[in-house]
Amino acid sequence: MPKPKKQKFPYLLGSKWTAQQKVDGWRHFEVINRKNQGKWVYAEMISSCDPNVKFWINAKILQDREFWEPGWQTLHDIQANIETQNNSAEEEFVGYRSQKE
């Protein structure tokens, strides 16, 4: 008997996420549904503050920390993450520039 395929994103349903940029005016979302379409997995997101704000997103995008953070983050945490990302990008650029000189 063939071994069943490992499910992609097994903990997706019910997971909570914070958008780095507002989506329809909100940042905090929860996954309320999932669907598989071929090799892709999609998550239906709902705003924790406005149940009328719902959308489907490719679950792979949730892994990109530039757009989404797992869990519900405070505005202070979001700003700290942005500053950290900006500092890292600046350090990379300075390192790149010094290599060119």
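Residues are numbered from 1 along each chain as its sequence is written, and side-chain values use heavy atoms, with hydrogens and water left out. Because the model is predicted, local features need pLDDT of at least 70 and side-chain atom pairs count only at pLDDT 80 or more, whereas totals for chains, interfaces and linings use all residues.

On the next pairing, β3 and β4 run antiparallel and are joined by 5 bridges. Alanine 43 has isoleucine 57 of β4 as its bridge partner, and the hairpin formed by β3 and β4 has 6 residues between the strands.

Strand β3 is mostly covered, with 6 of its 8 residues buried; buried means under 20% relative accessible area, exposed over 50%, and partly exposed in between (1.4 Å probe, protein chains only). In soluble globular proteins, nonpolar side chains tend to be buried together. A nonpolar core is here a set of buried Ala, Val, Leu, Ile, Met, Phe, Trp, Tyr and Cys residues joined through side-chain atoms within 4.5 Å. The largest such core has 14 residues, of which Leu12, Phe29, Ala43, Met45, Ile57, Leu62 and Trp68 touch the most other members. Strands β1, β2, β3 (40-47) and β4 (54-58) each supply at least two residues of this core, and β3 gives the most, with 3 residues. Leaving aside neighbours within four places in sequence, methionine 45 is in contact (heavy atoms within 4.5 Å) with residues including Trp17, Phe29, Val53, Phe55, Ile57, Leu62 and Trp68.

Which side chain of opposite charge is nearest to arginine 34? It is glutamate 44, 11 Å away, and arginine 34 is buried yet has no salt bridge; Lys and Arg count as positive and Asp and Glu as negative, while His and the chain ends are not counted. Arginine 34 is found in strand β2 (residues 26-37). A polar atom of the arginine 34 side chain lies 2.7 Å from the backbone oxygen of phenylalanine 9.

The structure holds 1 salt bridge, defined as a side-chain nitrogen of Lys or Arg within 4 Å of a carboxyl oxygen of Asp or Glu. Lysine 16 forms this bridge with glutamate 30, the closest N and O atoms being 3.8 Å apart. The pair links distant parts of the chain, with lysine 16 in β1 and glutamate 30 in β2, 14 residues apart. Lysine 16 counts as partly exposed because its relative accessibility is 35%, and glutamate 30 counts as partly exposed because its value is 25%.

Notes: Helices (H or I, at least four residues) and strands (E, at least two) are DSSP runs, numbered from the N terminus. A polar contact is a pair of N or O atoms within 3.5 Å; within protein, one must be able to donate a hydrogen and the other to accept it, and residues adjacent in sequence count only if both atoms are side-chain atoms. Two strands pair if DSSP finds at least two bridges between them.
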